[in-house]
Each structure stands twice: as C-alpha cells, then as structure tokens.
Amino acid sequence: MRLRSVIGILCVGGWCSLLLEAGNEGPAPQKEITYSKDVAPVLYKNCVMCHRPNDIAPMSLLTYEEVLPFAGLIRQSVDQRKMPPWHADPSVGEFMNDARLSDADIRTIDEWVKGGMKKGDPKDMPSAPAFEPGWHIKPDVIFTIPEFLVPKTAQDDYEYIYVATNFSEDKWIQAGEVLPGDRRVVHHATVSVIDQAEYAKHLAEHAKENAGVDEYHYRTGKVLHLRPDAPVIDDGCAAPDGGGIPGHSSGYLNIVPAIYLPGHMPEVRPPGYALRIPAGGYLQFQVHYSNHHG
C-alpha cells in the first residue's frame with residue numbers, strides 16, 4: 001500500500017504553519033514478469049546445459065515456444081526443488097558448484113506462470129548460450145572406447161569398458177575430460193585407473209551375471225541396486241565399517257582422472273597437483289546409458 005502526502009504552507013502575518021495531509025493512493029503496481037526479460041535468463045543460466053537439442057534431458061527449453069507447453073511442470077519442479085537436480089544437504093557447508101536455484105529465481109518462475117506466461121518484448125531476450133561441441137581442454141592423448149549400441153528399450157544400463165593405456169612409464173595427469181559420442185543416451189560416466197595387476201580380477205568380476213549381489217544388493221539387468229530394507233546407520237563414524245555396507249569398508253581409494261555429467265566441465269587439478277597413472281595401467285570406463293528418447 002502506498003501513502004500520498006501533500007504538504008502545504010500557510011502564512012499569516014509573520015507566522016507560517018506547515019500542513020501535512022496523508023492519503024491512500026492504492027496498491028503499488030505489480031511488476032510484469034515476462035519470459036524474454038525475466039524467465040529466459042534463469043533458464044539459460046541454470047537449465048539449458050541439459051535441456052537443449054540432442055542432449056540428455058527429455059525436452060529443450062531454449063525458446064519460448066519450447067518452454068510454454070511445460071511451464072506448469074517447470075513451476076512445480078522448481079517449487080519442489082526437484083530441478084535442477086541437487087542432492088547435497090544445503091545445511092552442510094557451501095559448495096562451489098551448487099546447482100540450486102535461488103529463492104528469487106523460483107519466485108520469478110512461479111509468478112510468471114501464475115501471471116499468464118507472457119512472452120514479453122523480443123528485444124529483452126538475452127543471447128542464447130553457445131555450447132562447445134568438442135573438447136574444453138587440449139588433450140595430449142585420447143583414449144576411445146568401442147562404439148556401443150544402446151537399445152531402444154534400455155532405460156538404465158551400466159557398461160564397464162577397459163582400455164589399455166600402453167604407457168611404458170608412469171604418467172601424471174593434470175586434466176581430463178570425457179566426451180560422449182551421443183549425449184542423448186549417456187547419463188553419466190566415470191573413468192577410473194586400474195593397475196595392471198588388478199585388471200584380470202576386475203574383468204572377471206564384471207563378467208559375472210550376479211556381480212555384487214548379496215543380502216544388501218539386487219540386480220535388474222546390469223544395474224546394481226541397494227535393497228530398500230538395507231540397514232540405515234545414523235552415525236557412520238561410530239560404525240566398524242565407517243558407515244558402509246556391513247562387511248565392506250566405506251573408505252577405498254579410487255583414482256578418477258575424469259568424469260562426465262550433463263553440464264560438467266573438465267577435471268582440472270590446480271598447479272602442482274596431478275594424478276598418477278602407472279605404467280601398463282588400464283582405464284575403466286563405467287558408463288550409465290539411459291535411453292529416454294526412444
């Protein structure tokens with residue numbers, strides 16, 4: 001509510017009096033929220049690294065026409081903080097790659113949908129972000145895994161592919177990047193260093209149809225799941241296994257030179273830091289394929 005004040009000065013003889021009249025001028029005009037001026041910048045900054053053509057997300061959100069049919073779903077997803085995906089506890093520390101929307105951004109989308117999803121002036125549209133199709137680093141060596149056909153019905157599939165480095169001496173890796181051949185079906189990928197002496201054991205383990213299955217795990221195809229009735233430990237530090245599955249230590253060393261996630265940039269170590277890949281070592285590509293495009 002705004003108040004309108006009128007000031008008057010009344011002078012009689014040598015005396016002056018100050019008169020103040022206050023009145024109600026009605027509610028302040030609401031700011032009009034439009035796609036081009038308010039919503040597009042939020043989506044461009046936080047969403048379209050995945051929601052763009054030929055990428056992992058089920059729909060593109062680069063244009064007003066693409067966004068409009070999903071506006072209600074977008075509002076619901078951000079209000080419930082399902083999108084962007086972020087599973088770390090926000091009350092524990094600060095994260096430099098925190099993907100959560102700010103309260104102001106959520107309010108903008110919420111008010112835009114409630115206000116009729118106006119398009120706005122095209123002149124207010126920000127420039128669409130440009131995405132580099134290739135490497136973000138200049139690699140000194142490139143390892144390529146064999147082409148893999150993802151079935152039309154494969155909603156979730158884990159594949160383990162091993163590539164020999166053929167390094168004749170130890171190598172120290174400062175930066176690494178995973179470049180998917182088809183982003184529509186690669187949900188994520190992790191590259192781990194496997195010592196030559198451990199290679200045969202890893203290969204044999206992943207060749208088993210029931211690999212990893214025990215009283216706490218079950219399989220659907222090649223995907224290993226934790227059973228819903230697995231025990232929950234409130235204080236992992238006080239448990240003998242450090243909070244891991246009973247009988248399995250939670251702390252194991254896994255040398256990971258690079259990973260892939262939608263929107264994730266290369267792994268680059270600070271100056272003076274690097275990861276060692278031993279001579280004769282292997283790279284294990286753990287790839288999660290997820291064909292939701294059909």
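Colleague: Where does Met117 lie?

Modeller: In this predicted model, Met117 sits in the loop between α4 and β3 (157-164).

Colleague: Is Met117 buried, partly exposed or exposed?

Modeller: Buried would need under 20% relative accessible area. Met117 has a relative accessible area of 24%, so this residue counts as partly exposed.

Colleague: Which other residue has a positive phi although it is not a glycine?

Modeller: Arg81 does, with a phi of about 55°. Arg81 is found in the loop between α3 and α4. The relative accessibility of Arg81 is 36%, so Arg81 is partly exposed.

Colleague: Which peptide bond is cis?

Modeller: The bond from Met83 to Pro84 is cis, and its omega is near -10°. Pro84 lies in the loop between α3 and α4.

Colleague: Now the core. How should I read nonpolar side chains in general?

Modeller: In soluble globular proteins, nonpolar side chains tend to be buried together. Here, the largest nonpolar core has 22 residues, and Tyr35, Val67 and Trp112 are those with the most contacts inside it.

Colleague: Which elements give two or more residues to this core?

Modeller: They are α1 (35-46), α2 (64-67), α3 (71-79) and α4 (103-114). The most comes from α1, with six residues.

Colleague: What does Trp112 touch, leaving out residues up to four places away in sequence?

Modeller: Trp112 touches Ile33, Thr34, Tyr35, Val39, Tyr64, Val67, Ala71, Met117 and Lys118.

Colleague: Which residues does the second core include?

Modeller: That core is separate and has 19 residues, including Ile161, Val193, Ala258 and Phe285.

Colleague: How many helices and strands are in the protein chain?

Modeller: The protein chain has five helices and twelve strands.

Colleague: What share of the residues counts as buried?

Modeller: Of the 294 residues of the protein chain, 32% are buried.

Terms used
Residues numbered from 1 in each chain as written. Predicted model: local features only at pLDDT ≥ 70, side-chain atom pairs only at ≥ 80, totals over all residues. Heavy atoms only, no water. Core = buried A, V, L, I, M, F, W, Y, C linked by side-chain atoms within 4.5 Å. Buried < 20%, exposed > 50% of the residue type's maximum accessible area, 1.4 Å probe, protein only. Helix = DSSP H or I, 4+ residues; strand = E, 2+ residues; numbered from the N terminus. Contact = heavy atoms within 4.5 Å.
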